[in-house]
Amino acid sequence: MKLLTNRERQPKRRLQRKLARQTKGSNRRNATKLAIAKLSAKETDRRKDWIEWTTTNLVRNYDLIALEDLKVKKMTRSAKGTVENPGKNVAQKSGLNRSILEQSWGMFHRRLTDKAINAITPVP
């Protein structure tokens, strides 16, 4: 699921590179941080909206919903390792972690569970 279009993703990347070069504490840096925050907020809003929409449709349209009990926190641990025992495929693992966290599996599970319980026992 892509939350930002290419027209939004490219400027965000450009702004992040620009931010890395700017002097800390400057007014221009603060303006750049604000622009990045606006794009990130848009991404977060779209993610939450998609989760709400999808979980509502699932609860309305299906009587039985099964979710795999994934340990997201454990799945997204770093593969860096230690100095004595360095990790393997660290860059690939970090990309996988980023993808898992971007899709908000935990939030999806929580909202779906809450809505399913409320569908069974309606709140007065």
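Is serine 104 buried or exposed? Serine 104 is buried, at a relative accessible area of 12%. Keep in mind that this is a predicted model.

## Two positive phi values

Serine 104 sits in the loop between α4 and α5 (105-120), and its phi is near 55°, a positive value in a residue other than glycine. Most residues other than glycine have a negative phi.

Asparagine 89 also has a phi near 55°, again positive in a residue other than glycine. You'll find asparagine 89 in the loop between α3 (72-75) and α4 (90-103). With 52% relative accessibility, asparagine 89 counts as exposed.

## Helix α2 and what it packs on

Helix α2 covers residues 27-61, which makes 35 residues. From first C-alpha to last, α2 reaches 51 Å, close to the 51 Å expected at 1.5 Å a residue. Its buried residues include Arg29, Ile36, Leu39, Glu43, Arg47 and Ile51. The buried residues of α2 pack against α1 (6-21), α4 and α5.

## The α2–α5 crossing

The axes of α2 and α5 come within 9 Å and cross at roughly 40°, and the crossing is right-handed. On the α2 side, the contact involves residues including Trp50, Ile51, Glu52 and Val59; on the α5 side, Met107, Phe108, Arg111 and Lys115 are among them. Sorted by type, the contact residues come out as nine nonpolar, three polar and four charged.

## Salt bridges

Side chains of opposite charge can pair when their charged atoms come close. In this model the count comes to eight salt bridges. One of the pairs is glutamate 8 with lysine 42, whose closest N and O atoms are 3.5 Å apart. Glutamate 8 is in helix α1 and lysine 42 in helix α2, so this pair ties together parts that are 34 residues apart in sequence. Glutamate 8 is buried, at 13%, while lysine 42 is partly exposed at 36%.

Lysine 115 belongs to α5 and glutamate 52 to α2, so the bridge ties together parts that are 63 residues apart in sequence. Lysine 115 counts as buried at 14% relative accessibility, and glutamate 52 as partly exposed at 30%. Both residues belong to a network of salt bridges that links Glu52, Arg111, Asp114 and Lys115.

Aspartate 69 and lysine 71 also meet through their side chains in a salt bridge, at 3.1 Å from N to O. Here aspartate 69 is exposed at 57% and lysine 71 is partly exposed at 45%.

How values were computed
Residues numbered from 1 in each chain as written. Predicted model: local features only at pLDDT ≥ 70, side-chain atom pairs only at ≥ 80, totals over all residues. Heavy atoms only, no water. Helix = DSSP H or I, 4+ residues; strand = E, 2+ residues; numbered from the N terminus. Buried < 20%, exposed > 50% of the residue type's maximum accessible area, 1.4 Å probe, protein only. Expected span 1.5 Å × (residues − 1). Contact = heavy atoms within 4.5 Å. Axes fitted to C-alpha atoms, helices over the stretch in contact; angles between N-to-C directions. Left-handed = near helix turned anticlockwise from the far one by under 90°. Nonpolar A, V, L, I, M, F, W, Y, C, P; charged D, E, K, R; others polar. Salt bridge = Lys/Arg side-chain N within 4 Å of Asp/Glu carboxyl O.
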